[in-house]
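Please open the model in the viewer and keep the selection panel at hand.

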Amino acid sequence: MFDPERFSLENRRNINASAYVPFGSGPRNCIGSRFAIMENKTIIFQLLKRFNIVPTEKTEIPLKISLMHLNVTAKNGFWLGLKRL
Ligand code: HEM
């Protein structure tokens, strides 16, 4: 469930560091993680600057998580509409 307070300064110490490890962990973890996060933030920023992200008839609500992948991803893809601002 989306909880905007999950990453607040007060709650940070309650997060289980092993619950979500998209970049791996330990001495061989992803060397490009900071770059990748920056790239993703740039993409999201550029999208939100130009578009409203809206559900379409193909958008699955609630989203079904794939059990066939090692990483967390959508079972039937991410389907979203872009409405130019
Ligand atoms: C969203 C994007 C990315 C994800 C989810 C991701 C994820 C991962 C994961 C899971 C590993 C294996 C970690 C482990 O074995 O514990 C890894 C390794 C690695 N990643 Fe990424 N990565 C991303 C982007 C990048 C980028 C942008 C670069 C380079 C510019 C990069 C370079 C590397 C390298 C060189 C390794 C091997 C590190 C080693 O074996 O010492 N990755 N990545």
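Which polar side-chain atom lies 2.7 Å from an oxygen atom of the ligand? Select Arg-28 together with the ligand: the atom in question belongs to the side chain of Arg-28. Please bear in mind that this is a predicted model.

Next, select Cys-30 and the iron atom of the ligand. The SG atom of Cys-30 stands 2.3 Å from the iron and is the single donor that the protein supplies. In the chain, Cys-30 belongs to the segment that precedes α1 (33-50).

Now extend the selection to the whole shell around the ligand. Besides Arg-28 and Cys-30, the surrounding residues include Pro-22, Phe-23, Gly-24, Ser-25 and Asn-29. Further members of this shell are Ile-31, Gly-32, Phe-35 and Ala-36. Coloured by class, the shell shows six nonpolar residues, four polar ones and one charged.

The charged end of Lys-58 is placed over the ring of Trp-79, at 3.4 Å from the ring centre. A search for aromatic pairs, by contrast, returns zero across the whole structure.

Then select Ile-61 and Pro-62 and display the backbone. The peptide bond that joins Ile-61 to Pro-62 is cis, and its omega is near 0 degrees. Most peptide bonds are trans. Pro-62 is located in the loop that runs between β1 (51-54) and β2 (81-84).

Finally, switch to a cartoon of the whole chain. Along the principal axes, the C-alpha atoms fill a box of roughly 40 × 30 × 30 Å.

Methods: Residues numbered from 1 in each chain as written. Predicted model: local features only at pLDDT ≥ 70, side-chain atom pairs only at ≥ 80, totals over all residues. Heavy atoms only, no water. Donors = N, O, S within 2.8 Å, 3.2 Å for Na, K, Ca; no water. Helix = DSSP H or I, 4+ residues; strand = E, 2+ residues; numbered from the N terminus. Phe/Tyr/Trp six-rings, centres within 6.5 Å; stacked < 30°, edge-to-face > 60°. Lys NZ or Arg CZ within 6 Å of the ring centre and 35° of its normal. Near = heavy atom within 4 Å. Polar contact = N/O pair within 3.5 Å; in protein donor to acceptor, adjacent residues only side chain to side chain. Nonpolar A, V, L, I, M, F, W, Y, C, P; charged D, E, K, R; others polar.
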